[in-house]
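Dear colleague,

I am passing on the structure we talked about, together with some notes on what turned up in it. Please read the notes with the model open beside them.

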Amino acid sequence: MDTSSSPLPAPARARPRSFATVSVVVPAKNEAANLAVLVPEIAAALAARSHEIVVVDDGSTDTTAAAIETLRADGINVRHIRHERSAGQSRAVRTGVLSARGDCVVTIDGDGQNDPAFIPAMVERLEAAGERCGLVAGQRTGRTDSFAKRVASKAANRLRTAILADSTRDTGCGLKALPTELFRRLPYFDGWHRYLPALVLREELTIAHLDVKDRQRRFGQSNYGIFDRAARGALDLFGVWWILRRGRRSPGQIEDVTATKE
């Protein structure tokens with residue numbers, strides 16, 4: 001029988017999933033004034049969903065503790081996880097992920113430049129994409145950073161994309177959504193939050209993107225400098241490249257044969 005004109009089968013559609021609770025992880029160092037505005041914004045954005053807000057206080061010396069207690073007194077579901085001394089943004093993110101009680105983690109910077117209004121859409125996109133999608137990454141539009149910071153960011157993104165082929169134009173955006181279980185098993189190193197797309201692709205999962213609005217910082221100044229990141233960037237980039245090279249051998253589809261017979 002001639003089947004040359006038979007239509008090809010339609011590709012299988014991803015089965016949507018649903019997260020029970022969203023944990024929003026906020027790494028912050030000396031951001032008391034910004035947290036007083038940002039945390040209520042997060043709570044308002046997720047009012048329709050079960051959620052928690054986990055502020056990881058990275059050794060702050062300002063009034064962060066008092067600001068969080070005031071927010072809790074106002075009835076906001078925010079937790080205060082404190083580092084005895086500052087260990088950096090990556091460690092703060094990891095502390096938050098390990099402390100999260102939800103099955104989905106969203107990260108957002110504590111300086112208020114990321115708009116929490118985009119969080120519901122990120123979580124919904126991750127749910128709709130199904131289990132083969134491991135990450136929804138925000139990509140900033142209308143950057144408000146200084147000229148020097150924008151130039152450094154653009155150069156770093158171009159170099160990273162050329163070496164890692166991670167299909168993401170802006171890994172520096174703090175807004176990212178991942179299933180908690182996946183986030184916890186990604187290899188950790190200082191700087192990992194900037195390489196999450198490459199690390200998720202290494203797990204043979206897909207990534208999705210969402211354009212998000214960048215806002216002006218309301219109070220204070222950045223506590224994690226451009227030049228510290230630049231100095232470590234080359235080493236981090238080489239390390240991620242090495243991890244990707246060492247993880248190339250794929251087992252293909254993994255099946256629990258015993259489970260299918262029970």
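What follows goes from the overall picture to single strands, a helix and the charged pairs.

This is a predicted model, in which local features need pLDDT of at least 70 and side-chain atom pairs count only at pLDDT 80 or more, while totals for chains, interfaces and linings use all residues. Residues are numbered from 1 along each chain as its sequence is written, and side-chain values use heavy atoms, with hydrogens and water left out.

**Overall picture**

The chain comes to nine helices and seven strands, where helices (H or I, at least four residues) and strands (E, at least two) are DSSP runs numbered from the N terminus. Of its 262 residues, 46% count as buried; buried means under 20% relative accessible area, exposed over 50%, and partly exposed in between, with a 1.4 Å probe and protein chains only. The accessible surface, computed by the Shrake-Rupley method with a 1.4 Å probe and, for residues, with only the protein chains shown as cover, comes to about 14,000 Å², and 53% of that belongs to carbon and sulfur atoms. Counting contacts (heavy atoms within 4.5 Å) between residues at least 6 apart in sequence, 80% join residues at least 24 apart.

There are zero disulfides in the structure, a disulfide being a pair of cysteine sulfur atoms within 2.5 Å. Cys104 is buried, at a relative accessible area of 0%, and Cys133 is buried as well, at 3%.

**Strand β4 and its partners**

Strand β4 spans residues 104-107, with Cys104 and Val106 pointing one way and Val105 and Thr107 the other, and all of them are buried. Strands pair here if DSSP finds at least two bridges between them. By that rule β4 pairs with β1 (residues 22-28) in the parallel sense over four bridges, and Val105 is the bridge partner of Ser23. With β6 (residues 176-179), β4 runs antiparallel, again joined by four bridges, and here Cys104 has Pro179 as its bridge partner.

**Val212 in strand β7**

Val212 sits in β7 (residues 206-213) and is buried, with a relative accessible area of 1%. Leaving aside neighbours within four places in sequence, Val212 is in contact with Phe118, Gly138, Gln139, Arg140, Thr141, Cys173 and Leu175. The C-alpha atoms of Val212 and Asp115 are separated by 7.4 Å, although these two residues are 97 apart along the chain.

**Helix α4**

In helix α4 (residues 119-129), the buried residues are Ile119, Pro120, Met122, Val123, Leu126 and Glu127. They lie on the same side of α4, because they cover an arc of only 165° around the axis, the arc being that of the directions from the helix axis to the C-beta atoms. The cover over these residues includes β1, α1 (32-45), β4, β5 (133-141), β6 and β7. After α4 comes Gly130, whose phi is positive, near 85°.

**Charged pairs**

Side chains of opposite charge can pair when their charged atoms come close. A salt bridge is taken here as a side-chain nitrogen of Lys or Arg within 4 Å of a carboxyl oxygen of Asp or Glu, and by this rule the count comes to 12.

One of them joins the side chains of Arg215 and Glu41 at 2.9 Å, N to O. Arg215 lies in the loop between β7 and α8 (226-246) and Glu41 in helix α1, so this pair ties together parts that are 174 residues apart in sequence. Arg215 is buried, at a relative accessible area of 13%, whereas Glu41 is partly exposed, at 23%. Glu41, Asp115, Arg215 and Arg218 are linked in a network of salt bridges.

Another salt bridge brings together the side chains of Arg49 and Glu127 (2.7 Å, N to O). Since Arg49 lies in the loop between α1 and β2 (51-58) and Glu127 in helix α4, the pair ties together parts 78 residues apart in sequence. Glu127 is buried, with a relative accessible area of 10%.

A further one is formed by the side chains of Glu203 and Arg185, at 2.9 Å, N to O. Glu203 is in the loop between α7 (196-202) and β7 and Arg185 is in helix α6 (residues 180-185), 18 residues apart. Glu203 counts as partly exposed at 25% relative accessibility, and Arg185 counts as partly exposed at 42%.
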